[in-house]
Amino acid sequence: MSVASHLAVSPATYDTRIRSLIPLYDELIAEVARALGHAARPVRTIVDLGIGTGALARACLASAPGARVWGIDADPDMMAIARTRLGRLSSRVTMTTGSFLDEPLPACDAIVASYSLHHIRTARAKLAFYRRCYRALRPGGILINGDCAPASTPRGFARDLDLWYTHLGKTFGSRARGRRVYESWADEDVYVPLAEETRLLERAGFSVDVPWRRSPFAVMVGSRRA
Ligand SMILES: C[S@@+](CC[C@H](N)C(=O)[O-])C[C@H]1O[C@@H](n2cnc3c(N)ncnc32)[C@H](O)[C@@H]1O
């Protein structure tokens, strides 16, 4: 599904619009890039899953000046914006159109994702995908996922979502309207609780850290043994 049809946001307006949809967007991206410091090996090749308009890729290139990024996205219109945004940094970026669930992942030192892995629909598919990520990473490499990863209990999840509804309420004029917008994403988005995300990553072989959390968002780091 394209971003335009899922979020009702055109790629051209994505960068201005996304901040009105997701609280702490910039902070989470900066923290994913900062978490590259967790790698137990030099970071030369970074895979960006769902590169979108390139905000995370740009932050990673700044955080790891010797690195190249291989970015993949299902939506070519989003990547066209990324190319413009990255400007001369594009010489350090290779982009592929396709699904990260289908395309082979290149051997790499880090795999990063911001707000894209909630598109994986089932725990089984996510575990299989995390196992593929583990195999693509070189020893000491890391997977860093910044996404919505709420509390496990329905009560905790509801409290977590408060922040999001309040944010959307400011954008759409009322909390009730904001909540309806959030609910309109439910056909496509699956937010896996942080505890379950941790279990999936561990089952795939990773050691897990959570260097940043502002409920319901989190930056999760899975490290492959050096
Ligand atoms: C909410 S956007 C996030 C984009 C970017 N990472 C950011 O932080 O702004 C989700 C992106 O993931 C892409 N995406 C979703 N599922 C995908 C898949 N299976 N394979 C490749 N890209 C996918 C969408 O096309 C979209 O660009």
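## Exercises on a predicted chain

Tyr115 lies in the loop that joins strand S4 (108-114) to helix H6 (123-136); helices (H or I, at least four residues) and strands (E, at least two) are DSSP runs, numbered from the N terminus. The model is predicted, so local features need pLDDT of at least 70, side-chain atom pairs count only at pLDDT 80 or more, and totals for chains, interfaces and linings use all residues. Residues are numbered from 1 along each chain as its sequence is written, and side-chain values use heavy atoms, with hydrogens and water left out.

**Exercise 1.** Determine the backbone phi and the burial of Tyr115.

*Solution.* Step one: Tyr115 is not a glycine, yet its phi is positive, at about 55°. Step two: most residues other than glycine have a negative phi. Step three: Tyr115 has a relative accessible area of 9% and is therefore buried (buried means under 20% relative accessible area, exposed over 50%, partly exposed in between; 1.4 Å probe, protein chains only).

**Exercise 2.** Carry out the analysis for Leu24.

*Solution.* Step one: Leu24 sits in the loop between H2 and helix H3 (25-34). Step two: its phi is positive, about 65°, although Leu24 is not a glycine. Step three: with a relative accessible area of 29%, Leu24 is partly exposed.

**Exercise 3.** Identify the geometry of the peptide bond from Ser215 to Pro216 and locate Pro216.

*Solution.* Step one: omega is near 5°, and the bond is cis. Step two: most peptide bonds are trans. Step three: Pro216 belongs to the loop between strand S6 (207-214) and strand S7 (217-223).

**Exercise 4.** Describe how helices H2 and H7 are arranged.

*Solution.* Step one: the axes of H2 (residues 11-21) and H7 (residues 154-172) come within 8 Å and cross at roughly 125°. Axes are lines fitted to C-alpha atoms, for helices over the stretch in contact, and angles run from 0 to 180 degrees between N-to-C directions. Step two: H2 and H7 are therefore oblique to each other (under 35 degrees counts as roughly parallel, over 145 as roughly antiparallel, 65 to 115 as roughly perpendicular, the rest as oblique). Step three: Arg17, Arg19, Ser20 and Leu21 of H2 meet Trp164, His167, Leu168, Thr171 and Phe172 of H7, where contact means heavy atoms within 4.5 Å.
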